[in-house]
Amino acid sequence: MHEARSGGRAFAWLLLLGGMVWGPPVTCADREIQAQALYQRALGCDARNTLESRRLARECLEEATRLVPDRVPYELTLARLYYRSGFLKLARQRFERVEVLHPDEPAARMGLGLIWRRDYLKYLDLTSLGRAIEEFDHTVTLKPGDYDAWLNLVPLLVEKQNLRAALAAAEHAREADPSRIEGLLALAHAAFRLGDVSRADRAFRTALPLLPKLVRQRYDDIGPVSSEQDTAALRRLPPGQKDEFVRRFWKEHDPDLTTLENEAQLEYWSRVTQAYFLFFDPRRREWDERGEVYVRYGPPQQAVYNPVGGPNRVRLGTFSSYGSYPMNLLVWSYPSLGMVVPMQDRLLSEYYLRPISLWRDTDPAPDPDSLARRSDAIATRGGRGVFPMLPPGAKSMPVSGVLARFEAETGPRLLALLESPGGPGDSLWAEWVVLDSTRHEAARAGRALSPSGCDPTRLRTADFATELPPGDYFAGITVRSRDGARGIFRAPVRIAAAPAGIELSDVVVSCGAPQVDPAVGGQPPAVRLEANPGGHVAGGGPLTAYFEIYRLAPDARGLARVEFEYTVRSAEKDPRLWIQRLLAPRRPLPDISASRQEEQAGSLRRQFVTVPVEALPVGRYRLEIRVRDLNAGTEAVKSAEFVKENPGSAG
């Protein structure tokens, strides 16, 4: 019955249209009446929003515009209907027709902006991007309070890297309609891309709780950038513990632990905003693979639509037994990550998916070696997300750091040594933060950097120390200069409980012998190290390293007997292919080794060694310290790496 009624209505519409087209001649007034009737019927059909009703609406509007060719409302409604139906060329022609009929009609400019925006997203043509921005600019010139036009400008201006204009557009959108939360998202996004971290953080945290649940989930979901283990663990948690898990995840990946804001989380929210504005499909209630890749790695460094020589067909069935069909191919490249990401539009609907493969995982992932070379970036586990170490616009400063574990009278002691380039006239400030296993703050301190004992004219150093109970920690140090430059060092560290027998501290490479302050108030003498956290040894000088030996066993005389041995080995990796290494192995460098025995009273020994390395070629080496307690028959081993440099080179 329903199909019969639908068929009858369709037949009646065709009769009505046929009568209008093939009936007797009509006057201008009749044309106006008929066109108005068709327009009203088209609105009713369009409101039903089915495939058949939209087709009938198009037919009515096409006939109405034929009867009365100069009516802007008819042309606009038909242009919008064409746009929603995917007939972009026909929509553009109608919007351009309105522009001719009424040059000051902002809706025509708005429609053309949407068409050029869609054209840019499909073909990645920068000319289309410029045309879209131009049309939206015309729209807000004709109608300054047009919220949608201002909002559409923001992501396009970000794409063009015109960030100040993007921020201004976001501010205008907020003024046009303060009640719509997307404008606040756009403001936060543009502010962060300009480097205004505090403003972005406040705006995001104000906007996110007010978003619809579907959109809010995109910002709360760490699934795109977290490992499968983290995602599985999060799903198993009860609702009350999930927020804490997410907080710990972002705190663990916070590049700068000394600031109130989490720059990695803000970078993620900024990417989500751009992907939401550009790639989110309200009908599907999701974005495609472009949005997924964008939030994980940011904008591609290169993008090609249907590259020459690329596959342009998808095969159906195993071994192509069912033939193939055409597709569009989009390739995003991230050379700095050693990663190329192909995406397929298999339905020719501008909805991109991962390639299908039975033989390999098509989930994009950075090349591990390329990722390891990115000292300016921080990656989540498995490389599923990569974030810059500094916020946008921040000036980078090189920083070397090392964490060393020692023992104090009351328990374990963590020492941090850092080094940064700086001359006598530079004012550098360092701040460090230590997070415990729950990623809450366990220690914080700050101080000015002082001249380095390695090179006082070109290097500045600082050290921090704190006593901590055994556990897993994460330490971060940030160095800032007066001109706003920033350098970051961060590393995890595990502090183990003291064993019953002999134990070594970490081995610390220093600049010359450490300074020993005299004992005060019954306390043991204090040792002050000249930091050399980069482990740089100039070509003409020796290597100096410091370590401590704990819990030596005394003999019947109350004396401890200890033997320590050092060995220097090359730590360079042969970069050649395995077959080259097999067929033409390189002759290994000879080890440098020496040992000696000492006798002392007491169970603690503070020791530094000086190793002559003048004869070694330039390269990376490992110093291994092996200590034997001759009374107890036990031993302990620790090592440290250093870099042998040319004479006169700076650390």
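Author: A helix here is a DSSP run of H or I with at least four residues, and a strand is a run of E with at least two. In this predicted model, the chain has 18 helices and 28 strands.

Reader: How much of the chain is buried?

Author: Of the 651 residues, 45% are buried. That label needs a relative accessible area under 20%. The chain still exposes about 32900 Å², and carbon and sulfur atoms supply 53% of that area.

Reader: What share of the contacts joins residues 24 or more positions apart?

Author: They account for 63% of the contacts with a separation of 6 or more.

Reader: How many aromatic pairs are there?

Author: The count comes to 18. Take Y82 and F87: their centres are 6.2 Å apart, with 65° between the planes. Ring centres must lie within 6.5 Å, so this distance passes.

Reader: Why is the pair of Y82 and F87 called edge-to-face?

Author: Look at the angle of 65°.

Reader: Which residues form an aromatic cluster?

Author: F249, W250, Y268 and F387 form one.

Reader: What makes R218 a charge over a ring?

Author: R218 lies over the face of W287, at 4.6 Å from the ring centre. The limit is 6 Å, so the distance qualifies. R284 lies over the face of Y351, at 3.8 Å from the ring centre. That value is also within 6 Å.

Reader: What is the strand order in the open sheet of five strands?

Author: The order is β22-β28-β27-β24-β25, with mixed pairing.

Reader: Why do β22 and β25 count as edges?

Author: β22 (536-537) and β25 (592-601) each have a single partner strand, so one side of each lacks a neighbour in the sheet.

Reader: How do you know that β24 and β27 pair?

Author: Nine bridges join β24 (residues 559-570) to β27 (residues 619-629). Pairing needs at least two bridges, so these strands pair. They run antiparallel. In one of the bridges, the partner of Y566 is I625 in β27.

Reader: Why is the link of C454 and C511 called a disulfide?

Author: Their sulfur atoms are 1.4 Å apart. The cut-off is 2.5 Å, so the pair counts. The link joins distant parts of the chain, 57 residues apart. C454 sits in the loop between β14 (450-451) and β15 (459-467). C511 sits in the loop between β19 (508-510) and β20 (515-517).

Reader: How accessible are C454 and C511?

Author: C454 is partly exposed, with a relative accessible area of 35%. C511 has 14%, which is under 20%, so C511 is buried.

Reader: Why is C45 in no disulfide?

Author: The nearest cysteine sulfur to that of C45 belongs to C60, 5.4 Å away. C45 is buried, with a relative accessible area of 1%. C60 is likewise in no disulfide, and its nearest cysteine sulfur is that of C45. At 2% relative accessibility, C60 is buried.

Reader: How many disulfides does the whole structure hold?

Author: The search finds one.

Note on methods:
Residues are numbered from 1 along each chain as its sequence is written. This is a predicted model: local features need pLDDT of at least 70, side-chain atom pairs count only at pLDDT 80 or more; totals for chains, interfaces and linings use all residues. Side-chain values use heavy atoms; hydrogens and water are left out. Rings of Phe, Tyr and Trp (its six-membered ring) pair if their centres lie within 6.5 Å; planes under 30 degrees apart count as stacked, over 60 as edge-to-face and the rest as tilted. A charge sits over a ring if NZ of Lys or CZ of Arg is within 6 Å of the ring centre and within 35 degrees of the ring normal. Buried means under 20% relative accessible area, exposed over 50%, partly exposed in between (1.4 Å probe, protein chains only). Contact means heavy atoms within 4.5 Å. Accessible areas come from the Shrake-Rupley method with a 1.4 Å probe; for residues, only the protein chains shown count as cover.
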